[in-house]
Amino acid sequence: LFGIVRKKYNDPLIDHFPIPHNPFDYYDFPAETIRKKRNLTVDKIKRIQEFKPSCFWEDLSKDMFLLSFYMCGINSKDIYVYLTDPNVRGSFEYARSKVKSHRKDGGVTNVLIVDEAIEIIEKYAGYLQQRYVSNLSFNQALWKGWRLISDKLGFKCTMYYARHAFS
């Protein structure tokens, strides 16, 4: 930002420098932290698909993980907010909650609904909104299930992992 202001107000053609010095010339910025990779292998995704849930939370969390994976990494809030019609087919368009206020296109995303996702959509679309008061209570149920599944499978699996495994 400081560089942009200097470029706007300083004019070397007429020898006009109201902002002559850059205080950041001699400053060393901290190194960027290396983030942990969150993409899962094909084998781990198959293990999640083949996992046999033993309770409601495991079933819900497994299904939402797979739905997110099948639908290009859709997050749980967007599932809760936008996925209300159990008869949706073809493609699904929604405004990504995380970025819709930050992007000129409103964060609109359109994904093709694959056959594997249809059964999950029919099972949960509309039901989630009736069962959970908000996306926060929905997320609490998901976290409960993911904790159980992760312990049984021996690796972490959440919506974030589903999103990154897709990409």
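Reader: Which residues form a nonpolar patch on the surface?

Author: This is a predicted model. In it, Leu 1, Ile 4, Val 5 and Tyr 9 form the patch. Together they have about 460 Å² of accessible area.

Reader: Why is Val 5 called partly exposed?

Author: Its relative accessibility is 31%. Buried means under 20%, and exposed means over 50%. The value for Val 5 lies in between, so the label is partly exposed. Patch membership requires over 30%, and Val 5 has 31%. Val 5 lies in helix α1, residues 2-9.

Reader: Now the charged pairs. How many salt bridges does a search of the whole structure find?

Author: The search finds five.

Reader: What makes Lys 152 and Glu 58 a salt bridge?

Author: The closest N and O atoms of the two are 2.7 Å apart. The cut-off is 4 Å between a Lys or Arg side-chain nitrogen and an Asp or Glu carboxyl oxygen. The pair is within that limit, so it counts as a salt bridge. Lys 152 lies in helix α7 (residues 135-153) and Glu 58 in helix α3 (residues 56-70), so the pair ties together parts 94 residues apart in sequence.

Reader: Are the two partners buried or partly exposed?

Author: Glu 58 has a relative accessible area of 1%. That is under 20%, so Glu 58 is buried. Lys 152 has 47% relative accessibility. That is between 20% and 50%, so Lys 152 is partly exposed.

Reader: How do you know that Asp 59 and Lys 123 form a salt bridge?

Author: Their closest N and O atoms are 2.8 Å apart, and the limit is 4 Å. Asp 59 lies in helix α3 and Lys 123 in helix α5 (residues 115-124), so this pair ties together parts 64 residues apart in sequence. Asp 59, at 23%, counts as partly exposed. Lys 123 is also partly exposed, with 41%.

Reader: What joins Asp 59, Asp 63 and Lys 123 into one network?

Author: Salt bridges that share partners do. The side chains of Lys 123 and Asp 63 meet in another, at 3.0 Å from N to O. Lys 123 in helix α5 and Asp 63 in helix α3 are 60 residues apart.

Reader: Why is Asp 63 called buried?

Author: Its relative accessibility is 9%. The cut-off for buried is under 20%, so Asp 63 qualifies.

Definitions and conventions. Residues numbered from 1 in each chain as written. Predicted model: local features only at pLDDT ≥ 70, side-chain atom pairs only at ≥ 80, totals over all residues. Heavy atoms only, no water. Patch = residues over 30% accessible without salt bridge, like charges linked within 9 Å, V, L, I, M, F, W, Y side chains within 5 Å. Areas by Shrake-Rupley, 256 points an atom, 1.4 Å probe, with all protein chains shown as cover. Helix = DSSP H or I, 4+ residues; strand = E, 2+ residues; numbered from the N terminus. Buried < 20%, exposed > 50% of the residue type's maximum accessible area, 1.4 Å probe, protein only.
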